[in-house]
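Work through the exercises below with the model open beside you. Try each task before you read its solution.

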Amino acid sequence: MHNNLSILLWKELTEAFRSYRVLIWVMVCAFFGILSPLSAYYMPDILAMIGSTQNMVLTLTEVTYRDAVDQYVKNFTQIGSIVMIFLAMGCVAGEKSDGSLQFLMVRPITCRSILFSKMLALMVMELLGIGVAAMLCNLYGRYLFPAFPSALFMQSNLLLLLFLLVVIVMTTSLSAMVSRPVAAGLAALGLWLVFSMLGSLGGTGWYSFTTLGSEMIHVVEGFAISYKPFGSAILVMIGSVIGGLCALRCWEPSH
């Protein structure tokens, strides 16, 4: 399995680079990494300019590094999640549609190797993008906000990696359960919205993995974090992998 997995992982990474998925993800991450501290820093000026055109006075409380981190977290846990779903939704379903998965299945390659290689390739892509975003946000944050806590911010990105890892595993597994990338994307988007709504309700909703974004803020501010969303993240990933493997083993080409 080890040899097959490494060969398949190399194939997935090569495809990801050739199809520009890696480039797209890294560019999106770099954009958010630069935009988050800049938009927070210049927000009072932007509001003042909008207010002057409407003959209104729009004021904002003093902007701090927390606003930059808030913006960074929102950008990635909302738009970043949707971009990742879009990039991952066709990884298995797309190969079912074009017949390339059938070519792999007739060879002595396990379904586990196929599914895990796709998840690992997306994890490498995720790590690369978040690494670039964290470094850029850290550089701009330190320049614009002297009190920006660089070490704590970099540590908090581990929670963002876990958040996006759940999205990757969930979307890849759903892609293995259906035959069309669009269906996988819609299903993953629906589940992500359900978990997001649960997380916003409070109470038992704090167990939703989507509250990992709030825990990032706690890490940056030096507060203790809650471990409630970690259990949810692990359960969602285990359930998704089991479902994806079962669906892939039962899959039979229609032609």
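This is a predicted model: local features need pLDDT of at least 70, side-chain atom pairs count only at pLDDT 80 or more; totals for chains, interfaces and linings use all residues.

**Exercise 1: Cysteines**

Task: How many disulfides does a search of the whole structure find?

Solution. The search finds zero disulfides, a disulfide being a pair of cysteine sulfur atoms within 2.5 Å. Take Cys137: the nearest cysteine sulfur is that of Cys29, 12 Å away, and Cys137 is in no disulfide. Now take Cys250.

Residues are numbered from 1 along each chain as its sequence is written, and side-chain values use heavy atoms, with hydrogens and water left out.

**Exercise 2: Helix H9**

Task: Which residues of H9 are buried, and what covers them?

Solution. First locate the helix. Helices (H or I, at least four residues) are DSSP runs, numbered from the N terminus. H9 spans residues 212–220, and seven of its nine residues are buried. They are Leu212, Gly213, Glu215, Met216, Ile217, Val219 and Val220. The cover includes helix H3 (65–88), helix H7 (150–177) and helix H10 (228–250). After H9 comes Gly222, with a positive phi near 80°.

**Exercise 3: Lys11 and its partners**

Task: Which residues are linked with Lys11 in a network of salt bridges?

Solution. Apply the rule: a salt bridge is a side-chain nitrogen of Lys or Arg within 4 Å of a carboxyl oxygen of Asp or Glu. The count comes to seven salt bridges. Go through the bridges of Lys11, including these:

- Lys11 meets Glu12 at 2.9 Å, N to O. Glu12 is buried, at 5%.
- Lys11 meets Glu15 at 3.5 Å, N to O. Both lie in helix H1 (residues 2–18), four residues apart, about one turn of the helix.
- Lys11 meets Glu95 at 3.2 Å, N to O. This pair links distant parts of the chain: Glu95 is in helix H4 (residues 93–98), 84 residues apart from Lys11 in H1.

Finally, name the network: Lys11, Glu12, Glu15, Glu95 and Lys118 are linked by salt bridges.

Methods: Buried means under 20% relative accessible area, exposed over 50%, partly exposed in between (1.4 Å probe, protein chains only). Helices (H or I, at least four residues) and strands (E, at least two) are DSSP runs, numbered from the N terminus. Contact means heavy atoms within 4.5 Å.
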